Amino acid sequence: MAPALRCVPLRAGVDLDQGATLLTNPLTAWVLATRARREGHRAVVLTAPAGAVGQMLNRLFTRQGQTVINVVRKPAHAEILRTLGAAHVLDSTAPDFVSRLGALAAELGASLLLDAVGGETAGLALGAMPD
């Protein structure tokens, strides 16, 4: 049994899976944003930005004065981000995605890709990053 000081009480209706994300997601976002700031990245390319961690990262990067280029695959995700105030949202399924990402990443000085998708999207995004 764990000591009470090492436990987080959950409200009624919050199951264990949901409760686990109360610490995991915010700490993941905090560590990534802190490292990006310490390493001096002015702009960041972020895949899967409409999820819980992605939204947290958007808020943290904005507070730190860093620009985020959000890469989505669905119009609904783009709408979520725009509603939250995201300035740069690109659709990875668009025919001009690579050229648009390359131009925007160069313009904004993006030097970090945080990828939560993998596969082809990661390769395309990494290939579009400035040298």
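**Helix packing**

Analyst: Happy to! The crossing of α4 and α5 is right-handed. Please keep in mind that this is a predicted model. In that pair, helix α4 covers residues 97-108 and helix α5 covers residues 119-128. Their axes come within 8 Å and cross at roughly 45°.

From α4, the contact takes in F97, V98, L101, G102 and A105, while α5 brings L124, A125 and A128. Sorted by class, this contact between α4 and α5 holds seven nonpolar residues and one polar residue, with no charged ones.

The other pair is formed by helix α1, residues 16-38, and helix α2, residues 52-63. Here the axes lie 9 Å apart, and the packing angle is about 40°. α1 and α2 are therefore oblique to each other, and their crossing is right-handed.

Along this contact, α1 supplies N25, P26, T28, A29, W30, L32, A33 and A36. Facing them in α2 are A52, V53, M56, L57, L60 and F61. The class count for α1 with α2 is twelve nonpolar and two polar residues, and no charged residue takes part.

Definitions and conventions: Residues numbered from 1 in each chain as written. Predicted model: local features only at pLDDT ≥ 70, side-chain atom pairs only at ≥ 80, totals over all residues. Heavy atoms only, no water. Axes fitted to C-alpha atoms, helices over the stretch in contact; angles between N-to-C directions. Helix = DSSP H or I, 4+ residues; strand = E, 2+ residues; numbered from the N terminus. Parallel < 35°, antiparallel > 145°, perpendicular 65-115°, else oblique. Left-handed = near helix turned anticlockwise from the far one by under 90°. Contact = heavy atoms within 4.5 Å. Nonpolar A, V, L, I, M, F, W, Y, C, P; charged D, E, K, R; others polar.
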